[in-house]
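Here are some notes to read alongside the structure. Please keep the sequence at hand as you go through the points.

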Amino acid sequence: MDQGGIMALFASEEQLEVINDPKANIVDMRTVVTDKAEAERGDRTMHEVPPDIRARLVTKGYMDKDLLAGRLKTDAPTLPTEVMNIQLMTAQSFGHKVEQGDVEAAFLNSPPMSRTVYLRVPRTGLPEVEGCRALRPGEIVRARKCVYGFSDAPIEWHTEHRKGILECQARASSVCPTLYSWHDAQKRPALQGSLGTRVDDDLMRFSSAVRDRY
């Protein structure tokens, strides 16, 4: 049986139409495994600092035809190190508490994709999860969100995250696009808190009033 016949046994009619369309934007997926404890371990052994293994499913974004054609906006801003250091140094002067936050699965919280991209399931396949059946190796599915690996995922997330922060009555900095602040003209000091973003990591310093409010 030829390759087309074999595919017909496993792919739906819609998937075959995409596979056979030379203009279709199909991007492969792969699994990336990292050890979160590696930086903390330094020169110590794995016995002293046990591995903290994490796996993430990502796209091979370099295959994205929209990226290769120069159609994507990819310049997502991030908090400069100098601004982050100023945040930390001045927090004590204002009597502010400092916290760091990590947004879990940040890119998947972005709005639905406005462009059409298809994903090819990796050779390991994907297990069944709530609301979705198991996916076979090589199966074609449409991307609904900017999965990790897409070059426009950071700017899509930045836009959505910024919208959410501004809805909490924060002021956006006119100098640093990833710095936001809260002010209260009736109190001294007037600056009640600020937040800086670095992709899916947030650095916050705030008064108890801001903390209780948000």
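1. Two strands count as paired if DSSP finds at least two bridges between them. The model discussed here is a predicted one. In it, four strands make up an open sheet with mixed pairing, in the order S2-S1-S4-S5. Strand S2 (53-59) and strand S5 (140-142) are at the edges, each with a single partner strand, so one side of each has no neighbour in the sheet. From one strand to the next, the twist averages 35°.

2. Strand S1 (residues 26-35) and S2 run antiparallel and are joined by seven bridges. Met29 has Thr59 in S2 as its bridge partner.

3. Which residues have the most contacts inside the largest nonpolar core? They are Phe107, Met113, Val117, Leu119, Ala143 and Phe150, in a core of 15 residues. S1 and helix H6 (153-166) are the elements that give two or more residues to this core. A second, separate core has seven residues, among them Ile165, Tyr180, Trp182 and Met204.

4. Leaving aside neighbours within four places in sequence, its contacts include Val27, Met29, Thr59, Ile140 and Phe150.

5. Ala105 is not a glycine, yet its phi is positive, near 50°. Ala105 lies in the loop between strand S3 (97-102) and strand S4 (118-120). Val199, also not a glycine, has a positive phi of about 60°, and its place is the loop between strand S8 (191-198) and strand S9 (201-206).

6. Are these two residues buried, partly exposed or exposed? Ala105 has 31% relative accessibility and so counts as partly exposed. Val199 is partly exposed at 38%.

Terms used. Residues numbered from 1 in each chain as written. Predicted model: local features only at pLDDT ≥ 70, side-chain atom pairs only at ≥ 80, totals over all residues. Heavy atoms only, no water. Axes fitted to C-alpha atoms, helices over the stretch in contact; angles between N-to-C directions. Core = buried A, V, L, I, M, F, W, Y, C linked by side-chain atoms within 4.5 Å. Buried < 20%, exposed > 50% of the residue type's maximum accessible area, 1.4 Å probe, protein only. Contact = heavy atoms within 4.5 Å.
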